[in-house]
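Have the sequence and the 3D view open as you read.

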Amino acid sequence: MLIDPTGPALPSNFAYVHELCRPNELTVHEVLGDVSVYTHRELVDGAQEMTTALGPDAREKVPGPLRSNWPFMPLKKWFAKQNDASITLKFKEIETILGRDLSPSARKHSSRWYTRPDQNAMAEAWVTEGYKLFKLDFEREKATFHRQEEGTAHVVIPKWVTARKLPDEAKYEIEHFLQYVKKKYGL
């Protein structure tokens, strides 16, 4: 079937139409709470892009570098200074840290609070500092974050520490060194 009957008879202007499809029918897609309506022509135009996007690495998060002028950098720096296992912030507190208001959609749509494969979303501020959004309460306008076990405080415990029994002297030295660090940094 010709997509545009007035257009040339080129492969890009042809489309296979399933017998159940009806002419002039619109297709509705919901993505992250946003609804989009497409004509068949728009779907065909985007077919190549969709095919490419569905490759094996399509869902893998590959964020770009966080620039110093990134709008959520103040929030990232704030999370970097935190030591608590759980943090609850009111939206107003987040706005104070950012020095600006949250977008209206951030007050209504949970999709604004999670990482996205195509951009550095607000969530990068806490995810890159080892926190995960635990609970989002739009009614009370607050968010609770929990420190993820993996990467806690950006410390990597060498495998040899837990792989086998340590000599008593090594255990004693490690425990006392950790107490020293705790005291020195007020942890």
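Against which elements do the buried residues of α4 pack? They pack against α3, β3, β4 and β5. Please keep in mind that this is a predicted model, in which local features need pLDDT of at least 70, side-chain atom pairs count only at pLDDT 80 or more, and totals for chains, interfaces and linings use all residues. Residues are numbered from 1 along each chain as its sequence is written, and side-chain values use heavy atoms, with hydrogens and water left out.

**Helix α4 and what follows**

- Helices (H or I, at least four residues) and strands (E, at least two) are DSSP runs, numbered from the N terminus.
- F91, I94, E95, I97 and L98 of α4 are buried, where buried means under 20% relative accessible area, exposed over 50% and partly exposed in between (1.4 Å probe, protein chains only).
- Viewed down the axis of α4, these buried residues fall within an arc of 160°, so they line one face of the helix; the arc is that of the directions from the helix axis to the C-beta atoms.
- K92 and T96 are exposed residues on the face of α4 turned away from its buried side.
- Just after α4, G99 has a positive phi of about 80°.

**The nonpolar core**

- The largest nonpolar core has 23 residues, and those touching the most other members are L75, F79, L102, W113, W126 and F145. Such a core is a set of buried Ala, Val, Leu, Ile, Met, Phe, Trp, Tyr and Cys residues joined through side-chain atoms within 4.5 Å.
- At least two residues of this core come from each of α3, β3, α4, α5, β4 and β5, and α4 gives the largest share, 4 residues.
- Beyond its neighbours within four places in sequence, L102 is in contact with F91, I94, E95, W113 and M122 (contact means heavy atoms within 4.5 Å).

**Aromatic rings**

- There are 10 aromatic pairs, counted when rings of Phe, Tyr and Trp (its six-membered ring) have centres within 6.5 Å; planes under 30 degrees apart are stacked, over 60 edge-to-face and the rest tilted.
- W78 and F79 make an edge-to-face pair, 5.2 Å centre to centre with 90° between the planes. W78 is partly exposed at 24% relative accessible area, while F79 is buried at 0%.
- W113 and W126 are stacked, 5.9 Å centre to centre with 25° between the planes. W113 lies in the loop between α4 and α5 and W126 in helix α5, so their pair ties together parts 13 residues apart in sequence.
- One aromatic cluster is formed by W78, F79, F91, W113, W126, Y131, F138 and F145.

- Q82 sits in the loop between α3 (73-80) and β3 (86-90), and it counts as buried at 17% relative accessibility.
- The side chain of Q82 reaches the backbone oxygen of W78 at 2.9 Å. Apart from neighbours within four places in sequence, Q82 is in contact with I87, Y131 and R147.
- R147 belongs to strand β5 and is buried, with a relative accessible area of 15%.
- A polar atom of the R147 side chain lies 2.9 Å from the backbone oxygen of Q82.
- The side chains of R147 and Y131 are joined by a polar contact of 3.1 Å. A polar contact is a pair of N or O atoms within 3.5 Å; within protein, one must be able to donate a hydrogen and the other to accept it, and residues adjacent in sequence count only if both atoms are side-chain atoms.
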